[in-house]
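Subject: A structure for you to explore

Hi there,

Here is the structure I promised to pass on. Have a look at it first, and then read my notes below.

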Amino acid sequence: MALQRTFSIIKPDATKRNLTGKIVAKFEEAGLRVVASKRIHLSKAQAGEFYAVHAERPFYDELCEFMASAPIVAQVLEGEDAIAKNREVMGATNPADAAPGTIRAEFAESVGENSVHGSDAPETAAVEIAYFFSGLELVG
Ligand code: ADP
């Protein structure tokens, strides 16, 4: 498997509790390298655009409110099989189902406030990276 890039968000519940460093350590321990990073505060409209795929889900409004409630850290992670590896390190969406040692098992507060986002496929990774970063900001 060649080097791959994936998009990650450290969500408001985690930035508020000052967990950014602990979460980045989990990525790095798994062999993922942070090749771009920015801390930003999304508006609700920007959060809604990012999560547009979930617009019909009952939790969409709550999700957009949450994502705009405090700063996030948007990052691009690079490594062998980075998309799958990041999903493994993140753990299941619901922390109650997340494997021990995963980010969500250790840090998530609920199924909604679950500390991290990670792309689920190469196509979504490309779109999500381009939504937050220009080519000049991907520094390897
Ligand atoms: P993942 O983030 O693991 O890829 P999904 O794509 O299914 O999960 O959902 C996107 C995000 O929407 C989740 O990370 C979580 O923040 C929120 N979410 C998912 N399911 C629920 C739910 N039942 N109630 C509230 N929020 C939810």
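Around the ligand you will find Lys11, His54, Phe59, Glu62, Leu63, Arg87, Thr93, Arg104, Val111, Gly112 and Asn114, each with a heavy atom within 4 Å of the ligand. This shell divides into 3 nonpolar, 4 polar and 4 charged residues; here Ala, Val, Leu, Ile, Met, Phe, Trp, Tyr, Cys and Pro count as nonpolar, Asp, Glu, Lys and Arg as charged, and the others, Gly among them, as polar.

Before going on, note that this is a predicted model: local features need pLDDT of at least 70, side-chain atom pairs count only at pLDDT 80 or more, and totals for chains, interfaces and linings use all residues. Residues are numbered from 1 along each chain as its sequence is written, and side-chain values use heavy atoms, leaving out hydrogens and water.

Which side chains make polar contacts (pairs of N or O atoms within 3.5 Å) with the ligand? Among them is Arg87, with a polar side-chain atom 2.9 Å from a ligand oxygen. A side-chain N or O atom of Arg104 lies 3.0 Å from an oxygen atom of the ligand, and for Asn114 that distance is 2.9 Å. The protein buries 78% of the 540 Å² that the ligand exposes when taken alone (Shrake-Rupley method, 1.4 Å probe).

The lining of the largest pocket divides into 10 nonpolar, 9 polar and 9 charged residues.

Enjoy exploring!

Notes
A polar contact is a pair of N or O atoms within 3.5 Å; within protein, one must be able to donate a hydrogen and the other to accept it, and residues adjacent in sequence count only if both atoms are side-chain atoms.
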